[in-house]
Amino acid sequence: MDGSHPNNIDPRPKRRRDKYNPYEIFTVGKDALSPCYYLSFVDATHTKQCMEISKALFEAFDRFELEDISYMHKVDRHYEQSEQTEESINRRTAMPQAPVEETVAQQIEVEALYQAIAQLPETQRRRLVLYYFGELTYSQIAELEGCTIMPVKRSIDKAIEKLKKFLS
């Protein structure tokens, strides 16, 4: 080991490396008649070492790196597929879906609300629907019905009290 690092390293494609891979291989003059192959690593004293190796050893290290990358991709795909649960898929969506139980419970509550609204007197029902679902103000409803604001407010308040009794 001479520890000297060549300056004119041939470009190599970027490869993903395992964090436990302690070495790096490279060539110098790969287009020349006699290219040089190198192995670089950090030794136990945290000193970067570089040594020239044979072509056969370089090819063995290169093949090992490719096999290591292939293995890491397989592991990644395994983890990706093993985590495919309804919850993990929903987390990835733009608008996550609520669990089925929650959706059913909400649907039951909505149906109960509509049944309770249907049992209200016609005037209270109309004013409540205009206020909450039509998003009109008390004054707009009063203007539509040709009355003052106070009867509209009282009517909606009584409708809410009746709904609370019905739904509890």
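What follows is a short exchange on a predicted model of a protein.

User: What is the overall make-up of the protein, in helices and strands?

Analyst: The protein has six helices and three strands. Along the sequence the pattern runs β-β-β-α-α-α-α-α-α.

User: How do you describe two packed helices in general?

Analyst: By the angle between their axes and the distance between the axes. The crossing of α4 past α5 is right-handed.

User: Which residues make the contact of α4 with α5?

Analyst: From α4 come R126, R127, L130 and Y131. They meet Y138, I141, L144 and E145 of α5. Contact here means heavy atoms within 4.5 Å. These residues divide into five nonpolar, three charged and no polar.

User: What makes the phi of H46 worth a remark?

Analyst: Most residues other than glycine have a negative phi. H46 is not a glycine, yet its phi is positive, about 65 degrees. H46 lies in the loop between β2 (36–42) and β3 (48–53).

User: Is H46 buried or exposed, and how do you know?

Analyst: The relative accessible area of H46 is 70%. Exposed means over 50%, so H46 is exposed.

User: Where is E135, and what is its phi?

Analyst: E135 sits in the loop between α4 and α5. Its phi is near 55 degrees, a positive value in a residue other than glycine.

User: Why is E135 called exposed?

Analyst: E135 has a relative accessible area of 68%. The cut-off for exposed is over 50%, so E135 qualifies.

User: How many of the residues count as buried, as a percentage?

Analyst: Of the 168 residues of the protein, 22% count as buried. Buried requires under 20% relative accessible area.

User: What percentage of contacts join residues at least 24 apart?

Analyst: Among contacts between residues at least 6 apart in sequence, 41% join residues at least 24 apart.

How values were computed:
Residues are numbered from 1 along each chain as its sequence is written. This is a predicted model: local features need pLDDT of at least 70, side-chain atom pairs count only at pLDDT 80 or more; totals for chains, interfaces and linings use all residues. Side-chain values use heavy atoms; hydrogens and water are left out. A crossing is left-handed if the near helix is turned anticlockwise from the far one by less than a right angle, and right-handed if clockwise. Helices (H or I, at least four residues) and strands (E, at least two) are DSSP runs, numbered from the N terminus. Ala, Val, Leu, Ile, Met, Phe, Trp, Tyr, Cys and Pro count as nonpolar, Asp, Glu, Lys and Arg as charged, and the others, Gly among them, as polar. Buried means under 20% relative accessible area, exposed over 50%, partly exposed in between (1.4 Å probe, protein chains only).
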